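Take a look at the model first.

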Amino acid sequence: MSDAPSGLFLGQSDAAQPETLLFHRANRHGVIAGATGTGKTVTLQIMAQGFSDAGTPVFCADVKGDLSGISQLGAPNEKLLARAAEMGLTLTPRAAPTVFWDLYGQKGHPIRTTVSEIGPVLMSRMLDLNEVQEGVMTVVFHIADQEGLLLLDLADLRSLLAYVGENAERIGREVGNVAPASIAAIQRALLQLEQQGGSAFFGEPALKLEDMIRTGLDGRGQVNVLDSTRLMNSPRLYAAFLLWLLSELFEQLPEVGDPEKPRLVFFFDEAHLLFNDAPRALLEKVEQVVRLIRSKGVGVYFVTQNPADIPDSVLAQLGNRIQHALRAYTPSEQKGLKAAAQSFRANPDFDTAEAIQALGVGEALVSVLDEKGAPTVVARTWIRPPASRLGPATEAERASVIAASPARGRYEQALNRESAEEILAARHAAADQAEAQARVDEAAEKDRARARARPAPASRARASSRQTPMEALTKSVLRTAGSTITRELLRGVLGGLRRR
């Protein structure tokens, strides 16, 4: 058995029936849940490669580093070959066309966006700001738009925060009070984000979505793998980035309704990080994007340990569900297990809650949408083995994939064009120069004023012009001698020495 043209073959149920995710229902979103070590990543890998084979580009996060094996040929062991044989599946090792991305630019092409594109809501989420500080952030973005100040990187945002603080009184009269304490708190949060490496995410060249939504000459969709092993140390940055990417897809892609297959499938791993301590405004935005983006031909699949991690308003929109094993030792875990069991359409052949606890590695309860868009009866399913490698790619293999990537050379070199930081610095320099010139002009005017105020000096009495007899005799002798000497000099110069 192979992937049917109309759907993605997930595995085989206990009743020896194939479980297939219909491509024209794949944009109705889904969830992959299960405890650590039960096979969620393998299921994600199978689905990502299945969508790719069907010509649909995929974006997924590699949290543990082992999803990178999708870029390499599989090497199935005897156990995997036996499972494939039981399903009637010919397991042909093949790799998916993969492009590696990394916000830090270390294990893939760097991903950047501008502060302006992130916006005040996601930036506040990223910085963990309270409601008052988020209001100040909104004012800052408003001032940037009003005064034509580009916010490209964190240095621009920091400069604009200082500018707003210096002009808080004027800005407060125009758009509302801006407390210095709030400005200081945001500056400290920015410093923490920079120390976590967040500054690498902001800047240019910004990511172009067409470099992710790409189909190769062989008709297969590109699998975009975001290396998140380091990014997971900054969970708010991780969640805000993925939500930003989802929002960009929503805003830029045209309406297509329900296509025969999705234009893009988006896997959101460790989905609980998006919803932990999220403000109500952010949850409403997530719900809106998830509800409306399916009409853009994008399918969103949340990968998490327990479906209870996802708010009910979002969970209700996830039609395709794959549930791996859950363990329930505490009252809260039992509550989550019960909620997970109740989210499925019951199967009379087994108790769903008991089945979830009894599932082995590589097994899952599967319920997908049928032709009419209704969820199928939940089936206990053996997940098919992957065609690509189980486990991570080596550093040399990763480097080889990056070197052959169609996105190579587009994002490696950062750009730094004139933006808020440079404009505000130029304004400060011009203001300082004008102030210095004003001080010079003021000093010169004071000097002129002092000069005008100074009294004129008294004139001296003229001495008598009458000469004494001795003075008259002396002047006569000198005039006679001077005339003789002058005549001798003239002759000497013009006519040669005088003969005796």
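Twelve strands make up an open sheet with mixed pairing, ordered E2-E1-E12-E11-E10-E3-E9-E8-E4-E7-E5-E6. At its edges sit strand E2 (18-22) and strand E6 (109-110), each pairing on one side only. This is a predicted model, where local features need pLDDT of at least 70 and side-chain atom pairs pLDDT 80 or more, while totals for chains, interfaces and linings use all residues. Numbering starts from 1 along each chain as its sequence is written, and side-chain values use heavy atoms, leaving out hydrogens and water.

**Strands**
- Helices (H or I, at least four residues) and strands (E, at least two) are DSSP runs, numbered from the N terminus; two strands pair if DSSP finds at least two bridges between them.
- Strand E3 (residues 30-33) runs parallel to its partner, strand E9 (residues 298-304), over four bridges.
- Within that pairing, Ala33 bridges to Thr304 of E9.

**Helices on the sheet**
- Helix H8 (residues 235-252) lies across strand E4 (58-62), strand E7 (223-227), strand E8 (264-269) and E9, at about 165 degrees to E8.
- Helix H14 (residues 395-403) packs on the sheet too, touching (heavy atoms within 4.5 Å) strand E5 (98-102), E6 and E7, and makes about 100 degrees with E5.
- Angles run from 0 to 180 degrees between N-to-C directions, with axes fitted to C-alpha atoms, for helices over the stretch in contact.

**Helix against helix**
- Helix H5 (residues 154-166) and helix H6 (residues 168-175) pack at about 85 degrees, axes 5 Å apart.
- H5 and H6 are therefore roughly perpendicular (65 to 115 degrees).
- Tyr163, Val164, Gly165 and Glu166 of H5 meet Ala168, Arg170 and Ile171 of H6.

Key
Parallel < 35°, antiparallel > 145°, perpendicular 65-115°, else oblique.
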